[in-house]
Amino acid sequence: MIKPQRTPAAQSRAPFFREHHDKIASQAGRLQTVLLHLQFEGKPSFGKNLKQAKEILSYLDSVKKHMEEEEKILFPFLESRLPRLDPFLSLLRSERRNFNNNFRRFRSLLDFLSRRKNGLNRVAVSKNLREAGFYLIYFLQGPHREEKKILYRIAKRELRADERKELARQFRQTRRGT
């Protein structure tokens with residue numbers, strides 16, 4: 001059987017997506033380590049662990065913005081051209097709402113810990129932070145990764161070349177802010 005040749009554009013996108021997923025996996029693993037350290041390491045390491053958690057939060061914020069771009073551009077685009085995807089896109093929106101709720105909760109708990117480095121609540125807040133953080137890890141390593149594969153595979157397979165170009169143009173415009 002002859003394998004279809006990849007186009008130069010498809011070949012150039014593949015490393016980007018692989019790199020993107022590798023970075024997400026790396027940050028998720030790093031977050032897991034930091035959450036465990038925040039809960040079980042003592043006061044001397046608390047500031048260092050808090051700083052690392054904030055760095056990861058900054059990265060997660062960029063992932064969240066990318067997801068918002070997709071919901072603003074990709075989802076309506078697919079809904080208008082492929083109405084049979086409506087149930088799937090509704091499910092994705094629901095999962096993303098859960099992600100956003102846990103993201104806000106994580107940020108709020110991290111801010112609380114930053115302001116109150118001492119006290120009895122630190123242990124309880126660290127435990128709640130860990131729970132919210134583990135949900136974020138789960139989402140990034142599971143549903144988020146799979147939805148990306150599915151969405152982009154569907155877009156590539158089902159949309160015509162001119163529709164894919166239009167979609168890419170809309171993403172470029174949004175990123176430029178025009």
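## Helices α2 and α6

In this predicted model, the axes of helix α2 (residues 43-81) and helix α6 (residues 161-176) come within 11 Å and cross at roughly 150°. Axes here are lines fitted to C-alpha atoms, for helices over the stretch in contact, and angles run from 0 to 180 degrees between N-to-C directions. Angles over 145 degrees count as roughly antiparallel, so α2 and α6 are roughly antiparallel to each other. Their crossing is right-handed: the near helix is turned clockwise from the far one by less than a right angle.

Which residues of α2 and α6 meet? On the α2 side they are H66, E69, E70, I73, L74, F77 and R81. Their partners in α6 are E163, E166, L167, Q170, F171, T174 and R175. Contact means heavy atoms within 4.5 Å.

## A charge over a ring

Two of these α2 residues, F77 and R81, also pair up in another way. The charged end of R81 sits over the ring of F77, 3.7 Å from its centre. The rule asks for CZ of Arg, or NZ of Lys, within 6 Å of the ring centre and within 35 degrees of the ring normal.

## An aromatic cluster

F99, F103 and F139 form one aromatic cluster. Rings of Phe, Tyr and Trp (its six-membered ring) pair if their centres lie within 6.5 Å; planes under 30 degrees apart count as stacked, over 60 as edge-to-face and the rest as tilted. By this rule the count is 3 aromatic pairs. F99 and F103 form a stacked pair, 6.0 Å centre to centre with 25° between the planes. Both lie in helix α3 (residues 86-115), 4 residues apart, about one turn of the helix. F99 and F103 are both buried, meaning under 20% relative accessible area with a 1.4 Å probe, protein chains only.

F99 and F139 form a tilted pair: 4.8 Å centre to centre, 35° between the planes. F99 lies in α3 and F139 in helix α4 (residues 121-141), so this pair ties together parts that are 40 residues apart in sequence. F139 is buried, like F99.

## The whole chain

The chain has 6 helices and 0 strands. Helices (H or I, at least four residues) and strands (E, at least two) are DSSP runs, numbered from the N terminus. Buried residues make up 36% of the 178 residues. Among contacts between residues at least 6 apart in sequence, 76% join residues at least 24 apart.

## How the values were made

Residues are numbered from 1 along each chain as its sequence is written, and side-chain values use heavy atoms, leaving out hydrogens and water. Local features need pLDDT of at least 70, side-chain atom pairs count only at pLDDT 80 or more, and totals for chains, interfaces and linings use all residues.

How values were computed
Buried < 20%, exposed > 50% of the residue type's maximum accessible area, 1.4 Å probe, protein only. Parallel < 35°, antiparallel > 145°, perpendicular 65-115°, else oblique.
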